[in-house]
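Colleague: I'm new to this one and would like to learn how to read its charged residues. Could you walk me through it?

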Amino acid sequence: MPQTLDAVAVRSWCALALEALGRDREAIDAINVYPVADGDTGTNLYLTMESAAQAVEAVFAAYPQPPVYAGIPDTADVVRAMAHGALLGARGNSGTILAQLLRGMAEVVAKGDAELAPALRRAASAAYLAVAHPVEGTVLSVATAAAEAAENASGNASGNAAAVAQAAYAGARDALDATPGQLAVLGRAGVVDAGGRGLVTVLGALVEALSGEAPVVRHEAPVPVPVQDCAAEVAGVGPAFEVIYLLDADDTAVDRLRDRLDRLGDSLVVVGGDGLWNVHVHVDDAGAAVEAGVEAGRPHRIRITHFEQPAPVAPPREQVQRAVVAVVPGEGLAGLCAEAGATTVLARPGEAPASGELVEAIRRAHAREVVLLPNDAELRHTAAAAVEQARAEGIRVALIPTRAAVQGIAALAVHAPERRFDEDVVAMTSAAGATRHAELAVAERQSWTTAGICQAGDVLGLIDGDVAVIGHDLAHTARTVLDRMLAAGGELVTLVLATGTPPGLAAALESHVRESHLAVDTVVYEGGHQAVPLLIGVE
């Protein structure tokens, strides 16, 4: 077997790593005590790897399949997609470092004739350079040990990539076991480094991708001290916020940004290149960290997380029988659904939730039975993947394929947890299916639509996903859409207005429905900052 990663092997590696991180996520979260004991390292690694795997799958999806078979993608394209996907989806300190490790490997593998050992060496070096103040006893030490073991094995492996990967895995395991002796906080907690544990999982998946057999785990990590106990040790000594954003900027500006952020806080990791970077830092002044990014270039996908002070350890929350998880497009509907008892996942404009986030919400619901409402046709595959993983964890999950938030509202309105699970799912599915949905959006450019040609700035009325009306005024277009939907009958109109819609729009539309369509009621909800100005449902 040649000592290279080809396109198929990279695809298999990403899929196996994602599956393995899904299995190990809770165990890795449980031993997360450094640099902040916030119990999310396993989750962050999973979400980062999920983004990488999705990017790889997108490259393969672009190639025609039999009978019009066009071969497989070029290895360089696949590894670059893997690295780019990880960069875009990197979460937390550990995910950001994993993204740089994958980028370092991709830089070598993309050359076409690279062996595995140099790729792992480049990955370790790139990760060290990305961290402002490298610390031994972390994932960096594990990555370096893996590279050294791969280099030692490559001369004796006779071109066997699987043997080199196995050596790298074994070296990483040895380095992981040594981390409690290198980093005092790990030794006191009696755990290995969580990020290093995650990297060992990823390398184990690499072994399986190249050899077809999962590596034998010699022993489990030490039983961890509860994260709350470890958090109490470091409470009050670290910055209050974690700030992460993508940044469009040139190398010179990023060098200046590193210096400025290093003065503002700690745990600084800046990864990427070629004009796109992922910035991660812990600070007390989150605004200053974002402002530094604005001065360097164009920050986007900004995430700010407040590190909560550890609370006393409470008894485990009793598992409920049934819960509903709903994806919502704005914070207004999130509050509405939460009041109705649902666990919500906020879909930010232009940033759909990943399957890992949906799985997290299902776990957070802490129920034996869960009904998932994706509320977006584009999320059907993501939601299906989340359901499969949750079912594998022993949770009974039903996916109702709601295509819009108004369908989710209708389903939630008839939810009755005292009914049998199947009966409840049927009732909710029926309510969602009986709800036609529409939305009003503003065209960004000239385009062909099912209703004709639209110009930039036109108001588009989409009914059940298709453009049905092109107008120039929000209120007039909304009335036209309502009339078309109610022509087929209806009893209840639901209006969800975004923040910033013209004052009086809701009242005007309510009046129009009342005067033009007898015996039809109207309810209005504030949607908050959602992607479109108006959502409409007709039941």
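This is a predicted model: local features need pLDDT of at least 70, side-chain atom pairs count only at pLDDT 80 or more; totals for chains, interfaces and linings use all residues.

Colleague: Okay, so is arginine 322 buried or exposed?

Modeller: Arginine 322 has a relative accessible area of 11%, so it is buried. Its salt-bridge partner is aspartate 424, with the closest N and O atoms 3.3 Å apart. The pair ties together strand 5 and helix 17, parts that are 102 residues apart in sequence. Aspartate 424 is buried too, at 0% relative accessibility.

Colleague: How many salt bridges does a search of the whole structure find?

Modeller: The search turns up 25. Take glutamate 19 and arginine 23, whose closest N and O atoms are 3.4 Å apart. They sit four residues apart in helix 1, so about one helical turn separates them. Glutamate 19 is partly exposed at 47%, while arginine 23 counts as exposed at 57%.

Colleague: And which residues are linked in a network of salt bridges?

Modeller: Arg25, Glu26, Asp29, Glu360, Arg363 and Glu393. Within that group, glutamate 393 and arginine 363 meet at 2.6 Å, N to O. Glutamate 393 lies in the loop between helix 15 and strand 8, and arginine 363 in helix 14, so this pair ties together parts 30 residues apart in sequence.

Colleague: Which residues form a negative surface patch?

Modeller: Asp266, Asp284, Asp285 and Glu291 do. Aspartate 266 belongs to strand 2 and is partly exposed, at 34%.

Conventions: Residues are numbered from 1 along each chain as its sequence is written. Side-chain values use heavy atoms; hydrogens and water are left out. Patches are made of residues with over 30% relative accessible area and no salt bridge: like charges are joined within 9 Å, nonpolar side chains (Val, Leu, Ile, Met, Phe, Trp, Tyr) within 5 Å. Accessible areas come from the Shrake-Rupley method with a 1.4 Å probe; for residues, only the protein chains shown count as cover. A salt bridge is a side-chain nitrogen of Lys or Arg within 4 Å of a carboxyl oxygen of Asp or Glu. Lys and Arg count as positive and Asp and Glu as negative; His and the chain ends are not counted. The place of a charge is taken as NZ of Lys, CZ of Arg, CG of Asp or CD of Glu. Helices (H or I, at least four residues) and strands (E, at least two) are DSSP runs, numbered from the N terminus. Buried means under 20% relative accessible area, exposed over 50%, partly exposed in between (1.4 Å probe, protein chains only).
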